[in-house]
Amino acid sequence: MSDFGEYETVAVELGDIADRVASITISRPDARNALNGTVRSEIQDAIDAVETTDEDVRVLVITGDDDGGAFAAGADISEFRERDQFDQREASARPRIYERVADSPLPVIAAINGHALGGGCELSLACDIRIAKEGAKLGQPEINLGIIPGGGGTQRLPRVVGMGQAMKLTLSGELIDATEAADVGLVEEAHPEGEFEERISDLAGTIAEKSPKALEHGKRAVAASAEMGLDAGLDHELELFTSLFATEDMREGVEAFFEDRDPEFTGE
Ligand code: COA
């Protein structure tokens with residue numbers, strides 16, 4: 001087990017979920033795993049540690065401590081009390097955890113084991129894949145505080161669920177459960193308690209068997225579709241696709257196909 005550093009509000013593990021899968025667990029049980037300044041900075045440090053370790057890490061899972069009864073219940077509202085607009089602008093300065101997650105070369109899975117509200121929902125939206133446990137609720141309740149989502153929700157939510165659903169969630173503050181979230185595409189899958197962890201392990205483990213370079217390029221290519229026009233996006237895809245023909249992993253994948261065996265991707 002490698003050393004990913006000491007943290008107060010997050011736990012970092014490698015291999016607990018599946019081989020080559022790292023996990024970051026948000027842990028503030030007394031505050032429903034709400035994202036205060038310490039959590040935000042520790043998530044960034046933990047991602048740095050996971051990305052720069054010498055260990056073979058190919059997938060990152062972000063989840064909430066079950067004792068907190070949530071994935072993350074949003075920004076820590078107590079921090080809002082004393083802030084004016086200048087303080088909040090400073091606290092919200094980019095890059096934030098949302099960009100850090102979205103820009104990671106690793107595929108990131110949000111294992112939504114409980115409520116993902118406000119900044120918690122936005123954190124899940126910055127992840128590449130969202131899998132929810134039945135019973136979890138998701139939403140952007142900021143409107144109830146007289147504010148709007150400020151962690152990317154107004155931009156990522158419509159890209160994921162479409163304009164109408166994004167408007168409904170943002171303007172009403174209504175929460176939806178995991179099953180409804182799956183119906184509208186806010187999460188990719190919802191699973192009952194007994195099957196949730198197994199599914200996370202299967203999915204993360206399956207992805208972690210692939211070539212890390214292909215994973216990174218696949219993530220970048222798909223993510224670019226939200227930012228580029230079709231023509232530029234197709235050019236971008238071709239760049240990434242053809243560059244993979246320079247890797248050992250591509251040779252290995254093709255040879256393994258003809259030899260009717262599982263490929264052993266090394267990242268070369
Ligand atoms: N920020 C700070 N503290 C929070 C918090 C948040 N976002 N969410 C929960 N907490 C704290 C509560 O104040 C409470 O603290 P206390 O025990 O000292 O009173 C503790 O966590 C437990 O929360 P509680 O509301 O009693 O639990 P619950 O199970 O009844 O409800 C939620 C859980 C998540 C539905 C509810 O806490 C909630 O709505 N949280 C705020 C969500 C939100 O508006 N997020 C957007 C912020 S911009």
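Me: When does a residue count as near the ligand, and which residues come nearest?
Reply: A residue is near a molecule if one of its heavy atoms lies within 4 Å of it. In this predicted model, 14 residues are around the ligand. Of these, the ones that come nearest are Asp30, Arg32, Ala73, Ala75 and Ile77.

Me: How do the residues of the shell around the ligand divide into nonpolar, polar and charged?
Reply: Two elements, α2 (77-80) and β6 (115-117), each supply at least two residues of this shell. By class, the shell residues divide into nine nonpolar, one polar and four charged.

Me: What percentage of the ligand's area does the protein bury?
Reply: Backbone N or O atoms of alanine 73 and isoleucine 77 each lie 2.9 Å from a nitrogen atom of the ligand. For alanine 75, a polar backbone atom is 2.8 Å from a ligand nitrogen. Taken alone the ligand exposes 870 Å², and the share of that buried by the protein is 54%.

Me: Are the residues on the two faces of β5 buried or exposed?
Reply: In a regular strand, side chains alternate between the two faces of the sheet. One side of β5 carries Val108, Ala110 and Ile112, and the other Ile109 and Ala111. Buried means under 20% relative accessible area, and for strand β5 (residues 108-112) five of five residues are buried.

Me: Which residue of β7 is the bridge partner of alanine 111?
Reply: Strand β5 runs parallel to β3 (residues 59-64), joined by four bridges, with leucine 60 opposite valine 108. β5 also pairs with β7 (residues 129-133) in the parallel sense, over four bridges. There, the partner of alanine 111 is isoleucine 131.

Key. Residues are numbered from 1 along each chain as its sequence is written. This is a predicted model: local features need pLDDT of at least 70, side-chain atom pairs count only at pLDDT 80 or more; totals for chains, interfaces and linings use all residues. Side-chain values use heavy atoms; hydrogens and water are left out. Buried means under 20% relative accessible area, exposed over 50%, partly exposed in between (1.4 Å probe, protein chains only). Two strands pair if DSSP finds at least two bridges between them. A polar contact is a pair of N or O atoms within 3.5 Å; within protein, one must be able to donate a hydrogen and the other to accept it, and residues adjacent in sequence count only if both atoms are side-chain atoms. Accessible areas come from the Shrake-Rupley method with a 1.4 Å probe; for residues, only the protein chains shown count as cover. Ala, Val, Leu, Ile, Met, Phe, Trp, Tyr, Cys and Pro count as nonpolar, Asp, Glu, Lys and Arg as charged, and the others, Gly among them, as polar.
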